[in-house]
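Here are some notes for a colleague who is opening this structure for the first time. Please read them with the model on screen.

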Amino acid sequence: MNEGQFKRNYKKAVDHMKTNDQMKKRIEQTLNTQRHEQKRQRKPLYIAASVVIAASVGLAAPSIWQQVSGPAAPATQVAQVTPGASFDPVVIPKTELPDSKNGVKADMLQLVVYQGNVYTQSATSLDGTDALALRGEKLGTTTGGIHELSDKGEYTELASNIGEADIYAVNGYDTNFRIMSYTEIDGQVYAQLFDQSNGITIGSGEDLIGKLHLEGNVTSAQWETFASWNNGLQQLQPLAADKSLNSFISALYAAKPIATSPELEERLYGQENRKIIYLTLEDKTQVQLVLFGEGLVRYGNVPVFFEIEKGAFQAFWNSLGE
């Protein structure tokens with residue numbers, strides 16, 4: 001082996017070790033987040049509920065930071081309501097980038113910068129074994145390097161806090177909404193979806209839920225009580241992917257958007273009358289939706305609730321049982 005071959009082999013080995021360490025760190029972060037979620041979700045206060053959602057269900061709030069010290073910042077008051085149209089559209093501002101000059105310390109959410117927009121961890125999951133079929137055109141490779149003290153200037157194209165990973169389009173989805181990281185290590189695939197759910201206007205459920213391609217594509221479904229979810233019991237119950245579910249999804253597409261507010265979240269998350277449904281689509285993506293007993297539905301932590309027509313919601317809610 002000559003010197004050139006040795007250097008190339010050495011670099012390849014080191015790169016592989018870096019990726020492996022990053023992946024381990026990523027998995028550890030996910031597990032820690034899930035544990036944190038369960039611990040905090042038991043608190044019957046609005047503050048706990050809002051942070052739990054921001055940390056675990058999905059990562060679409062315009063602010064990608066969870067303040068732990070420094071200047072106070074609103075945790076959920078991030079959407080604006082613009083009068084007009086059949087429903088008052090909910091405008092979700094573009095994600096605010098941090099300014100380290102303010103001396104703010106924060107826990108960072110997983111993100112990728114692509115074409116000047118911030119994509120955060122999706123509330124839709126995908127098993128690694130199913131990722132290859134959805135892997136589209138390669139868009140680039142993340143550079144990593146984003147951390148809690150990064151300044152706006154460091155949020156350059158393909159900067160991220162997930163380490164080095166190849167980023168791809170997702171077959172069947174608009175890259176303006178969804179991209180995917182895809183890494184293979186020793187034959188094991190690690191894939192993660194990232195959504196851009198900021199900088200958008202939502203006039204009805206279709207403007208967000210429609211991007212998930214639920215309608216006509218659900219192949220199987222399950223649901224879980226709040227008690228099971230809150231205690232991490234994963235007591236999933238079967239849910240028929242039938243006419244009743246299809247009607248509910250259609251009603252969700254036509255639902256009225258309601259911007260989050262501290263008062264609304266305090267009321268909703270201060271109660272336990274919630275049910276969680278899990279929908280598996282033909283493309284194997286798995287979508288989680290949270291139903292609130294008073295007729296609202298939320299996807300991830302996108303700062304908007306959807307108010308479904310009362311009769312349609314109640315019929316579906318009752319069909320899930322207790």
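1. Of the 322 residues of the protein, 48% count as buried. The model is a predicted one, and the values below are computed from it. The exposed surface comes to about 15500 Å², and carbon and sulfur atoms supply 50% of that area.

2. The secondary structure consists of seven helices and 21 strands. Among contacts with a separation of 6 or more, 70% are between residues 24 or more positions apart.

3. Helix α5 covers residues 243-253. Its buried residues are Leu245, Phe248, Ile249, Ala251, Leu252 and Tyr253. At the start of α5, a side-chain oxygen of aspartate 242 comes to within 3.1 Å of the backbone nitrogen of serine 244.

4. How many aromatic pairs does the structure hold? There are seven. One of them joins phenylalanine 292 and phenylalanine 305: the ring centres are 5.5 Å apart and the planes stand at 75 degrees, so this pair is edge-to-face. The cut-off behind that label is an angle over 60 degrees.

5. The pair in point 4 links distant parts of the chain.

6. Phenylalanine 313 and tryptophan 317 form a stacked aromatic pair, with 5.7 Å from centre to centre and 25 degrees between the planes. Both lie in helix α7 (residues 310-319); because they are four residues apart there, about one helical turn separates them. In general, an α-helix has 3.6 residues a turn, so residues three or four places apart point the same way.

7. Are phenylalanine 313 and tryptophan 317 buried or exposed? Phenylalanine 313 has 2% relative accessibility and therefore counts as buried. Tryptophan 317, at 10% relative accessibility, also counts as buried. The cut-off used for buried is under 20%.

8. Two arginines are placed over aromatic rings. Arginine 298 lies over the face of phenylalanine 305, at 4.7 Å from the ring centre. Arginine 135 lies over the face of tyrosine 182, at 4.6 Å from the ring centre.

Methods. Residues are numbered from 1 along each chain as its sequence is written. This is a predicted model: local features need pLDDT of at least 70, side-chain atom pairs count only at pLDDT 80 or more; totals for chains, interfaces and linings use all residues. Side-chain values use heavy atoms; hydrogens and water are left out. Buried means under 20% relative accessible area, exposed over 50%, partly exposed in between (1.4 Å probe, protein chains only). Helices (H or I, at least four residues) and strands (E, at least two) are DSSP runs, numbered from the N terminus. A polar contact is a pair of N or O atoms within 3.5 Å; within protein, one must be able to donate a hydrogen and the other to accept it, and residues adjacent in sequence count only if both atoms are side-chain atoms. Contact means heavy atoms within 4.5 Å. Accessible areas come from the Shrake-Rupley method with a 1.4 Å probe; for residues, only the protein chains shown count as cover. Rings of Phe, Tyr and Trp (its six-membered ring) pair if their centres lie within 6.5 Å; planes under 30 degrees apart count as stacked, over 60 as edge-to-face and the rest as tilted. A charge sits over a ring if NZ of Lys or CZ of Arg is within 6 Å of the ring centre and within 35 degrees of the ring normal.
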